[in-house]
Amino acid sequence: MTRMFRADTPLEALLVEEALALARQLQQAADTAPDGAVLAAVEAAAVPAGRELTRTAVEAALQAQAGAAEKRGRPAGPARAAAGPPGPSGGPPGTS
């Protein structure tokens, strides 16, 4: 069966490719496992591959966000107050 997938971002494309590779790996593990050991074989393949897929997804998402942030520049932040003359008691202005 052939299906078409549409990825709107590079991150989505990467994750679709990685998920398809994982599906193929799990299918191969199931197909080659001896009778009575299919579940164990698929789980043994799925757990580390799933962790790697998650790690790749998080890393790619963070890199995409960082790249977008660099293009936007630094976010505007509050301006620091200018130092004024000391208050009447010699302390900071506005304190009593």
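**Around helix α2**

Mentor: Helices are DSSP runs of H or I with at least four residues, numbered from the N terminus. This is a predicted model, where local features need pLDDT of at least 70, side-chain atom pairs count only at pLDDT 80 or more, and totals for chains, interfaces and linings use all residues. Residues are numbered from 1 along each chain as its sequence is written, and side-chain values use heavy atoms, leaving out hydrogens and water.

Trainee: How many residues does α2 have, and what does it reach from first C-alpha to last?
Mentor: α2 has 35 residues and reaches 50 Å. That is close to the 51 Å expected at 1.5 Å a residue (1.5 Å times one less than the number of residues).

Trainee: Which residues of α2 are buried?
Mentor: Ala 45, Ala 49, Leu 53, Thr 56 and Ala 60. Buried means under 20% relative accessible area, exposed over 50%, partly exposed in between, with a 1.4 Å probe and protein chains only.

Trainee: What do they pack against?
Mentor: The buried residues of α2 pack against α1.

Trainee: Why does Thr 56 count as buried?
Mentor: Because its relative accessibility is 13%. Leaving aside neighbours within four places in sequence, Thr 56 is in contact (heavy atoms within 4.5 Å) with Leu 14 and Glu 18.

Trainee: New topic. Where does Leu 20 lie?
Mentor: In helix α1, residues 10-32. Leu 20 counts as partly exposed because its relative accessibility is 33%.

Definitions and conventions
Helices (H or I, at least four residues) and strands (E, at least two) are DSSP runs, numbered from the N terminus.
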